[in-house]
Structures are given as structure tokens and as C-alpha cells.
Amino acid sequence: MAKYAFFLGCIAPLRYPGVEKSTRVVCEKLGIELVELDDASCCPAPGVIRAFSRTTWLAAAARNLALAEAKGLPIVTICNGCYGSLFDAAHELNNDAEELAKVNKVLAEINMEYKGTTQVYHFAEVLYKEVGVEKIKAAVTNPFEHNVAAFYGCHFLKPSKIKDLEDPEDAHMLEALIEATGAKCMPRKQPMLCCGAGGGVRAGFSDVAKEFTKTNLENIQASSANYIVDICPFCHMQFDSVQKDLGFSIPVLHLCQVYGIAMGMSEEELGFSAHVVPVKL
Amino acid sequence: MSVIRKANTGPVVSSVFIYDDLDECLQVILTEIKANPEFEAQLAKMGGADVKMCFQCGTCTADCPSGRRTSYRVRKLMRMAQLGLKDEIVDCEELWECTTCYTCVERCPRQVPIVDIVIALRNIAVAEGHMLANHKPTATNLYTIGHAVTVTDKVKEQRKAIGLPEIPPTVLMNSNAMADLTKILKATGFDKIVE
């Protein structure tokens, strides 16, 4: 059985708990064992905290990586932001002895050491490569037969030079994962356009972020998709929170919630009460 | 510094001065805009050394979804960094309009790590006190509770209702772990950014 340290992050547990809950239930059904990564913190957020201080970002990320290393487990995240942050930090520290030594000087203050061995995975990658589409199809009891928009976000596949998962200009992984539930992914213009929230733009210039989201929503609506399916709680929050102002009402689901629906979870358990755009199945 | 030559002969206007002829103007540009070795070293130390690889083709700006919606111009920022125009960079709002979507990085024919350079430039700006007021709450949240967002009563209820513990098992549940994180934040100078 595949076994991972479950990195919660901030937005899923503290804004969309249904995303956390459905991940736990779905993983159990698919034979992925999630071990609590007790005492973890924010990844820390790559667009804001890393932009304020790389040194702080790397040290705090190293602490999270060291917590998983102590358990001897790879990390799985359900958020592109956490994935971007922890993957980048691990990539840097696991391959650069000098940087690792610098970070360990900071970690020594709390009697901790990171040896540089933790691997970081995104949930979608684990589903696609380790579980496989066929096994997911077999676990579906309640097909999600809707037209949907697959939303990759930015930090799952990019920067592709270090992530090396799929060509971000020609990606199919998420569509295959979504369509395993019976849904149909509708082709649309600019499928890889950023949601607008990253890099501190949501907090810094919310109107600019909204302009990105608006173009995405127009393209999604024109494609006749009835749901937005994301793999990042931050994109999720951006789409869910700004639609009302922009005059749209397309329900937003994280991939884990779509799997939760397809594998028989109840609407209550999926935490839709936390969503701004109503989700009526 | 933008330079406009009004006619084939006659006065030449830069953003600040008017010159008698183009030669004099170019002389001023060559002598007044000096290389800034301190800034170059600072940027390199923070992971931005490869800015010198940029040959100003503009693929980044053409592809930038933020540039399509704002006055942020990636190519211009890279050139400003090459020229060592630190004061202009740290003070410009556009530095914070990049969403770090990596489209420019994916398509750059010189493989310039543009997002790393933007992050390095932002670090330099923040170290000099140029931080957006709207970003302070996120920094404060990390410093005080170890997460980017606060814990609300509403989310506690929602968590409980779906069978999750009210508080997730992170630093929020363990004051010793939070104390460890605070030590790390202080050791790396984050406390000064928050205050």
C-alpha cells in the first residue's frame, strides 16, 4: 500500500474543509495510506512569503520536509502552492549541499536537521502514476456525468524544467483523471491561463486577479462546462470567491471532491456549505 | 531613461534633461548610468545571476497574462535589473503584479529563470522597506499562527460537522511546534518584516 505524509497546507483545512475530508475518504478507498504530518506549518506560500524572504521561506519549508523525513515518508500535497513551495525547496536542498548546510544552521536552533531525502508529490501525480486511471474507474459507484472545465493551475506542471511531469502546453493528465469519473472535459480557449491569485496578486491587487479569473470564466462558460474542477485550493478559492461579483455562477470542485461524489460520499461530508457558489448536484 | 530625438538635428530630450545633440545625450547615458556592482552581487546571491542571459527578445512580455491586464512589462524589468536600476525597481508597483505563472519561464529562448529573478528583486525591495500594505496580514498570520490564513469560528464548525477535528493537527495544535517555527522565523529575520 502506498504510504504518504499528508501535507495539509492552509486553504484546504482552514477555508474548504470538504477538500481535506474528501481527500482522506478517497485515499482510503483507493488504497493510499495518509499519515498525519503533525506539527507542520504553512508550506510557506511561494508567491508571498518566498517573495518577502527566500531565507525564511527555505528554512520554514525545510522544517516541514524534515518532519516528513523523520517519519521516513514522502510528502503528498493537494495544493499547487504547497506543491510548488515544497517541491522547489526539496529540489534545491536535496541537490545543493551548501544551501542544505546553511539551512541546517538555522534548524539547529530547534535541534532539528534535514538530511535532504524527502520527496514531494502532488496528489494528481500520485493518482495518475501510482493508482492509475483504471483503478479509479473501478472505484466509481456514482458516475459524475457532467461537462466540466479541467483547471490545472500553474504550479502543478510548471516550471516543467524541474517538475518534469508533462508538457504544460500539451497536458492530458488532469483530463484523464477527471474523465475516469464519467465526466467530460470541454475544450476551451487558453486552458492554461493563470487563475490570477498567485504571486501575492490576489492579496495585493484583487482587481487585477479578478481580471484573470474573468477571462477564465468567460472561456469556461463558452465551452458549455457546468463545473470547474481544480487541483489547487488557492485557484479553488479564487474561482469560488469572485464569481458573484463578476456575474457568474459555475460551481467549483476540487478533484478530490469530484472523486468523493463519484465514490459515494454524501453532500454534507463534501463540505459544500463552505462554498460561495452553490453546489447543487 | 527614455530618450526622444525630436528631429534629425536640434535638441534631444531624455526623461530628465534636454541635450544639444544626440552625441551629448548618449555620452550622458554612458557616463551617468553606471554599472551597479553591489546590486549585481546582491541579485546574484539571491538566485538572479542569470538575468545577464536575457537578450531582450520580448517573448516574456508577449506571453505575460499580467502584462495584458496591467502595466507590468517583464522585458523592461529584466533590462532594469541588468542596468542595476535598483532604486527604480524597488519602488515600482509592477514588481508585485507578477502572478508567478511561469509562462515566460517556459517560453524564454534563453532559459532565463525569470520568476526566480522577480522573487529575488522582491526580496531586495522588501529588505529596503518596500512591501505592499495588503501583504502585511499574510506575513503576520505566518508569524503569529504558522499559517497564511486565520482560523475562524465558522470553519471550526464546518470541520466538526464533517467529522474532522475542529483544529487541524498542524502547528495550530501544538504550542511547542509553533515556538519552534517562531524561532526559525526570528533566526531568518522575518520578525523585522512583520514589524
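1. In this predicted model, helix H4 (residues 54-71) and helix H6 (residues 97-107) of chain A have axes that come within 10 Å of one another and cross at roughly 80 degrees. H4(A) is therefore roughly perpendicular to H6(A), since angles of 65 to 115 degrees count as such. In general, two packed helices are described by the angle between their axes and the distance between the axes.

2. The residues that make this contact can be named. H4(A) contributes Leu58(A), Ala59(A), Ala62(A), Arg63(A) and Ala66(A), which meet Val103(A), Val106(A) and Leu107(A) of H6(A). By class, the contact of H4(A) with H6(A) has 7 nonpolar residues, 1 charged residue and no polar residues. As background to such spacing, an α-helix has 3.6 residues a turn, so residues three or four places apart point the same way.

3. Helix H13 of chain A covers residues 233-246, and its 14 residues reach 20 Å from the first C-alpha to the last, close to the 20 Å expected at 1.5 Å a residue. Is H13(A) mostly covered or mostly uncovered? H13(A) is mostly covered, with 10 of its 14 residues buried. Among the buried residues are Phe234(A), Met237(A), Phe239(A) and Val242(A), and also His236(A), Gln238(A) and Asp240(A). After H13(A) comes Gly247(A), which has a positive phi near 80 degrees.

4. The domain assignment divides chain A into domain 1 (2-122) and domain 2 (139-274). The centres of domain 1 of chain A and domain 2 of chain A, taken over C-alpha atoms, are separated by 23 Å. In the contact, 27 residues come from domain 1 of chain A and 30 residues from domain 2 of chain A.

5. Which helices supply at least two residues of the side of domain 1 of chain A that touches domain 2 of chain A? They are helix H1 (11-15), helix H2 (17-30) and helix H5 (80-95) of chain A. H2(A) gives the largest share of that side, 10 residues. By class, this side of domain 1 of chain A has 14 nonpolar, 10 polar and 3 charged residues.

6. The two chains also touch: the contact takes 58 residues from chain A and 51 residues from chain B. On the side of chain B that touches chain A, the elements giving two or more residues include helix H6 (103-107), helix H7 (114-127) and helix H10 (175-187) of chain B. The largest share of this side, 7 residues, comes from H10(B). Its classes are 29 nonpolar, 15 polar and 7 charged residues for the side of chain B that touches chain A.

Methods:
Residues are numbered from 1 along each chain as its sequence is written. Chains are lettered from A and ligands numbered from 1 in the order in which they are written. This is a predicted model: local features need pLDDT of at least 70, side-chain atom pairs count only at pLDDT 80 or more; totals for chains, interfaces and linings use all residues. Domain bounds come from an automatic or database domain assignment. Two residues are in contact if their C-beta atoms, placed from the backbone, lie within 7 Å. Helices (H or I, at least four residues) and strands (E, at least two) are DSSP runs, numbered from the N terminus. Ala, Val, Leu, Ile, Met, Phe, Trp, Tyr, Cys and Pro count as nonpolar, Asp, Glu, Lys and Arg as charged, and the others, Gly among them, as polar. The expected span of a helix is 1.5 Å times one less than its number of residues. A residue is buried if 20 or more other C-beta atoms lie within 10 Å of its own, exposed if 12 or fewer, and partly exposed in between; C-beta atoms are placed from the backbone. Axes are lines fitted to C-alpha atoms, for helices over the stretch in contact, and angles run from 0 to 180 degrees between N-to-C directions. Angles under 35 degrees count as roughly parallel, over 145 as roughly antiparallel, 65 to 115 as roughly perpendicular and the rest as oblique.
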